[in-house]
Amino acid sequence: MYEKSRNYDTLAKNLAAEVVRQSEGCELCYCVDGGVSEDRAARLLLNRKDVKAIDGVSKGERAAARARLTGAYQSVSAFELSGRELALPLVVYDVASREIAGDIKLLLAERFGDEAPALYLHGDGQKEIPLFEADRQEAYGAETALVVFDMPLLQKKRFGFSDVVEILRRLRAPDGCPWDRAQTHASIRINALEEAYELVDAIDRGDPDRMREEAGDVLMQALFHTLIEEERGAFTVTDVLSELCEKLITRHTHVFGQDKASGADGALSVWDKNKMAEKGQKTYSDAVNDVPECFPALLRAQKIAKRVCKGGWNFTSFEKNLDKLYEEIDELKEAEKSGNKSAVAAELGDIYMTLAHVAHGLGTDSEQALLDTVKKVAARYNEWEKLVLADGKDVHDLSDEEWLFYYRKAKAAVKA
């Protein structure tokens with residue numbers, strides 16, 4: 001049956017089906033090594049009302065006792081390790097071959113580190129080893145197990161989400177760090193913005209090392225604010241994670257529900273529809289008013305442009321959007337002639353907002369377009385100044401012809 005099965009899940013189904021077939025008209029006992037709950041076929045059989053379980057000592061409990069584990073521990077079959085949220089101390093049984101031991105080593109080393117202290121158990125023998133030696137032992141079989149011990153926080157080389165929470169709670173404890181204890185939402189508010197911008201900068205630079213660091217800093221800021229509210233009894237880390245997971249599920253109804261979506265635009269439409277329903281937004285004005293006021297001006301402008309367009313406030317063509325832009329430019333000219341600085345500022349604001357509408361109509365990100373141009377202008381200026389100084393001239397004493405000459409050279413050297 002093992003040879004006829006494509007994988008271990010199929011094997012369990014085939015075994016369970018065979019037990020049921022042979023039990024017809026008689027009482028039959030299906031024996032497993034270890035505990036009933038540790039055998040996949042037995043677990044399938046337990047779904048039947050005509051099956052009775054007579055449990056024995058589990059392989060996990062047997063390994064834990066030999067490793068002298070006390071208190072809580074996690075016990076998982078080697079065949080079910082992948083995709084599990086793992087914690088120490090950890091008992092892994094069914095280490096049936098060197099290949100399986102190698103897979104276990106790679107998975108656990110990524111989570112707990114190569115040097116994590118472990119105990120190799122096979123038959124009546126046992127051996128203390130570092131985790132990286134899990135697939136370097138003499139023998140493996142159905143009775144082989146691996147126990148990975150817990151480690152004090154300061155001895156760990158690899159950390160998980162719970163470790164971050166534990167460290168931050170320790171820093172906020174009465175005997176923790178005085179600076180961390182003194183912080184409030186308001187005092188570290190700007191840090192969240194700074195860390196987010198630093199992550200974006202790392203992304204723009206294509207620097208994976210910095211991305212890894214800055215992503216951690218962004219995560220820390222979110223957790224710090226969460227723990228402040230946890231101390232007040234408002235909500236917990238679990239509340240935050242639960243709301244996040246629920247949001248991801250309920251907004252992706254084209255994945256987890258009955259909605260259909262064709263391509264990225266269709267998926268975004270489903271997301272927006274579900275978001276409005278979730279937030280109780282009955283009108284498009286509700287969605288417009290939901291755009292955070294702390295956004296950078298151009299980013300907020302493009303967000304609002306997108307939402308008012310969805311609400312029917314948009315020009316039907318690129319040409320009409322351009323006509324509106326020219327209209328605003330003419331009004332700026334009139335304001336400049338009047339010498340009224342407030343009117344000039346207001347007309348400039350209208351132009352920026354109209355440009356956000358133009359960008360939305362063209363499917364262009366206003367913020368990114370401007371950032372790209374700012375980067376290009378800075379690079380061209382650097383080249384321009386270098387060319388001027390190389391000829392021994394003062395950047396402030398150039399004629400119009402000289403200025404244009406160096407500008408063209410700089411523009412040719414620094415492409416868009």
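A: In this predicted model, the cover over the buried residues of helix H13 includes helix H11 (263-278), helix H12 (284-289), helix H15 (341-362) and helix H16 (366-390). The residues of H13 that are buried are Ala301, Gln302, Ile304, Ala305, Arg307, Val308 and Cys309. H13 runs over residues 297-310, which is 14 residues, and at 1.5 Å a residue it should span 20 Å; the C-alpha atoms at its ends are 20 Å apart, so the two values agree. After H13 comes glycine 312, with a positive phi near 95°.

Positive phi values also turn up in residues other than glycine. Arginine 68 has a phi near 60°, and it sits in the loop between helix H3 (59-66) and S1. With a relative accessible area of 74%, arginine 68 is over the 50% cut-off and therefore counts as exposed. Aspartate 94 has a phi near 65° and belongs to the loop between S2 and H4. Its relative accessibility is 8%, so aspartate 94 counts as buried.

Glutamine 74 and leucine 88 are 14 residues apart in sequence, yet their C-alpha atoms are 6.9 Å apart in space. Setting aside neighbours within four places in sequence, glutamine 74 touches Arg84, Glu85, Leu86, Ala87, Pro89, Leu90 and Val91. With alanine 87 there is a polar contact: a polar atom of the glutamine 74 side chain lies 2.7 Å from the backbone nitrogen of alanine 87. Proline 89, another of the residues in contact with glutamine 74, is joined to leucine 88 by a cis peptide bond, with omega about -5°. Proline 89 is in the loop between strand S1 (74-77) and strand S2 (90-93).

At 3% relative accessibility, aspartate 163 counts as buried. Its side chain reaches the backbone nitrogen of glycine 160 at 2.8 Å. Apart from neighbours within four places in sequence, aspartate 163 contacts Leu153, Lys156 and Arg158.

Rolling a probe the size of a water molecule over the atoms shows where empty space is left. The count here is 1 cavity of 30 Å³ or more. The largest cavity holds about 50 Å³ of space. Its lining is made by Val95, Ala101, Ile104, Tyr120, Ala134, Tyr140, Thr144, Ala145 and Leu146. The elements that give two or more residues to this lining are helix H4 (98-112) and strand S5 (145-148). By type, the lining has 8 nonpolar residues, 1 polar residue and no charged residue.

Note on methods. Residues numbered from 1 in each chain as written. Predicted model: local features only at pLDDT ≥ 70, side-chain atom pairs only at ≥ 80, totals over all residues. Heavy atoms only, no water. 1 Å grid on protein atoms, 1.4 Å probe; cavity = no way out; pocket = protein on both sides within 12 Å on 5 of 7 lines; lining within 4 Å. Points joined across faces, edges and corners; volume = space filled by probe spheres on them. Helix = DSSP H or I, 4+ residues; strand = E, 2+ residues; numbered from the N terminus. Nonpolar A, V, L, I, M, F, W, Y, C, P; charged D, E, K, R; others polar. Buried < 20%, exposed > 50% of the residue type's maximum accessible area, 1.4 Å probe, protein only. Polar contact = N/O pair within 3.5 Å; in protein donor to acceptor, adjacent residues only side chain to side chain. Contact = heavy atoms within 4.5 Å. Expected span 1.5 Å × (residues − 1).
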